[in-house]
Amino acid sequence: MADYKPTIYYNHNFYYDFGPLITPDDRGIMFGDGAYEWIRIFHGHPFALSYHTDRLYRSMRLLGIRPVTAPDEFTEIVETVIDESGVEEGYVKIIVTRGAGEHDFTIPARNKLRPNVLVYAKPIDLKSIEAVQGGVKCITMEDDRGHHSDILSLNQLNNMMARAEAQKKGCYDAIFHLGDLLTEASHSNVCIVKAGVIWTPAKNEHMIPGITRSLVLTRVAPTAGVTSIDDGDDPVRMKDVFNAEEVFLTNTVDGIIPVLSIDGKPIGNGEVGTVTKKIQEHYHHLMTDGLP
């Protein structure tokens with residue numbers, strides 16, 4: 001993008017180069033000790049920013065990182081970064097680290113360090129999004145990440161290694177399971193369709209509470225006339241996944257991603273299903289209408 005201008009917010013100032021912002025004693029660099037959000041930029045505007053800032057504050061609370069930026073400040077910061085960067089289609093990333101400190105292998109008291117806040121925007125390749133929205137392949141993998149997988153922290157190494165393994169096999173993502181129970185994918189939440197109804201695992205400590213997932217359940221599916229269920233008393237099992245009529249993934253950047261096969265086995269008839277198409281269409285309508 002010829003007119004892309006890197007614009008970075010960092011601790012109450014704006015910069016146009018990452019160089020002077022990197023400090024080796026930041027706990028985000030030393031330990032991945034921090035939280036982040038990335039927000040889709042659609043037609044020059046952040047989509048569902050308030051949902052993402054709410055989740056960011058949730059992650060910070062669970063990590064014990066004190067807030068130094070108010071939600072309404074984030075709105076102004078994000079909009080300024082997008083405007084200055086000139087990004088029409090892309091993402092904006094918010095990173096909050098616990099701050100700079102000694103290399104102590106423990107978590108400091110909540111008020112000992114001052115958190116660092118970084119916000120920047122980058123363009124994305126719309127052709128790659130269009131490609132995955134036409135259908136992808138996935139593999140399955142035992143979920144050995146342990147507890148607190150519901151926190152969107154900077155430490156995403158296990159997820160990245162799982163997705164790298166999937167990509168080595170020519171697949172888009174790795175779908176996690178605990179025994180015979182579906183949790184999520186390394187990069188996405190997972191929904192299945194049975195008898196025309198969307199089923200997805202209820203929120204728990206083994207999955208990120210996805211923004212796109214939430215919007216599908218609360219806004220998109222109802223407007224599309226599709227019933228959705230996320231009942232913790234009726235979990236989704238892997239046999240349900242393989243026997244589903246349709247499976248789709250949800251994430252912030254790629255949106256609604258149909259899964260055509262898992263572990264080499266076709267889902268349904270191996271094509272994008274009618275319910276998934278409806279959800280894609282109505283999700284696009286929601287993005288076009290905008291959501292603060």
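Mentor: A charge is said to sit over a ring if NZ of Lys or CZ of Arg is within 6 Å of the ring centre and within 35 degrees of the ring normal. In this predicted model, the charged end of Lys194 sits in this way over the ring of Trp199, 4.6 Å from its centre. Lys194 is also in contact with Asp240, a residue of helix H7 (residues 238-242). Beyond the neighbours within four places in sequence, Asp240 touches Ile192 and Pro235 as well. Asp240 counts as buried because its relative accessibility is 17%, and buried means under 20%.

Six strands make up an open, antiparallel sheet in the order E2-E1-E6-E5-E3-E4. Its edge strands, each pairing on one side only, are E2 (13-15) and E4 (45-46). Helix H2 (residues 49-63) lies across E3 (34-42), E4 and E5 (90-97), at about 175° to E3.

The rings of Trp38 and Tyr91 are edge-to-face, because their planes stand at 70°, with the centres 5.4 Å apart. This pair joins distant parts of the chain, with Trp38 in strand E3 and Tyr91 in strand E5, 53 residues apart. At 25% relative accessibility Trp38 is partly exposed, whereas Tyr91, at 16%, is buried.

Technical notes. Residues are numbered from 1 along each chain as its sequence is written. This is a predicted model: local features need pLDDT of at least 70, side-chain atom pairs count only at pLDDT 80 or more; totals for chains, interfaces and linings use all residues. Side-chain values use heavy atoms; hydrogens and water are left out. Helices (H or I, at least four residues) and strands (E, at least two) are DSSP runs, numbered from the N terminus. Buried means under 20% relative accessible area, exposed over 50%, partly exposed in between (1.4 Å probe, protein chains only). Contact means heavy atoms within 4.5 Å. Two strands pair if DSSP finds at least two bridges between them. Axes are lines fitted to C-alpha atoms, for helices over the stretch in contact, and angles run from 0 to 180 degrees between N-to-C directions. Rings of Phe, Tyr and Trp (its six-membered ring) pair if their centres lie within 6.5 Å; planes under 30 degrees apart count as stacked, over 60 as edge-to-face and the rest as tilted.
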